[in-house]
Amino acid sequence: MAVKIRLLRMGKIRNPQYRIVVADSRTKRDGRAIEFVGLYHPKEEPSRIEVNSDRVQHWLSVGAQPSEAVRAILSKTGDWQKFKGLPAPAEPLKVAAAAPDRRATYEAEAQAAAGLAAAPKAKKTAEPKKKAEAEAPAAQAEEQSGAGAGAEA
């Protein structure tokens, strides 16, 4: 039985998403697969490529032949070079930046819309107490010095 590592198309019209699968060469493109070994989403920026390297190396070692598209994907991830004993690719695989935390963004915008009412109130209530505590000994000292001066006059 001839085994191929190829792409199985998923997704919608004009939004292709592929699974990298190991399948018998006689089955249909989207037919039954022996094993699922990765993902390829070409429409994302940068393209999303996830490959289970251990399983791909196993299938390549037992004689599975990758299609041209899969060979290009494996070359980008470095799995093809690893199998052939070549040096790793010079250009690292691009990875998408982490998405910002939506809850933190929402809370920051809500505070901005409210005029930053929540955060400054906590600070303002703490500051007058500190000022009052700091001014109280100074006021008592002034009263004592003022009372002493008034008593002398």
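A: Let us begin with the overall plan, noting that this is a predicted model.

Q: How many helices and strands does the protein have, and what pattern does the protein follow along the sequence?

A: The protein contains 5 helices and 5 strands. Read along the sequence, these elements follow the pattern β-β-β-β-α-β-α-α-α-α. Of the 153 residues in the protein, 22% are buried. Among contacts with a separation of 6 or more, 31% are between residues 24 or more positions apart.

Q: Which residues have the most contacts inside the largest nonpolar core?

A: In soluble globular proteins, nonpolar side chains tend to be buried together. Here the largest nonpolar core has 17 residues, and Ile5, Ile20 and Trp59 have the most contacts inside it. Strand 1, strand 2 (15-24), strand 3 (35-41), helix 1 (53-61) and helix 2 each give two or more residues to this core. Trp59 touches Val3, Ile5, Val22, Ile34, Glu35, Val37 and Ala64, leaving aside residues up to four places away in sequence.

Q: Which residues of helix 1 are buried, and why are they said to line one face of the helix?

A: The buried residues in helix 1 are Val56, Gln57, Trp59 and Leu60. Seen down the axis of helix 1, its buried residues fall within an arc of 165°, so they line one face of the helix. Asp54 and Ser61, on the other side of helix 1, are exposed. After helix 1 comes Gly63, whose phi is positive, near 105°.

Q: Is Gly11 buried or exposed, and where is its place?

A: The term "exposed" applies to a relative accessible area over 50%. Gly11 counts as exposed because its relative accessibility is 54%. The place of Gly11 is in strand 1 (residues 3-12). Gly11 and His41 are 30 residues apart along the chain, and their C-alpha atoms are separated by 9.4 Å.

Q: What volume does the largest pocket have, and which residues are the closest to its centre?

A: The largest pocket has a volume of about 300 Å³. It is lined by 14 residues, of which Ile49, Lys76, Glu91, Leu93 and Lys94 are the closest to its centre. The lining of the largest pocket divides into 8 nonpolar, 2 polar and 4 charged residues. Helix 2 (residues 68-77) gives the most to this lining, with 4 residues.

How values were computed: Residues numbered from 1 in each chain as written. Predicted model: local features only at pLDDT ≥ 70, side-chain atom pairs only at ≥ 80, totals over all residues. Heavy atoms only, no water. 1 Å grid on protein atoms, 1.4 Å probe; cavity = no way out; pocket = protein on both sides within 12 Å on 5 of 7 lines; lining within 4 Å. Points joined across faces, edges and corners; volume = space filled by probe spheres on them. Nonpolar A, V, L, I, M, F, W, Y, C, P; charged D, E, K, R; others polar. Buried < 20%, exposed > 50% of the residue type's maximum accessible area, 1.4 Å probe, protein only. Core = buried A, V, L, I, M, F, W, Y, C linked by side-chain atoms within 4.5 Å. Contact = heavy atoms within 4.5 Å. Arc of directions from axis to C-beta.
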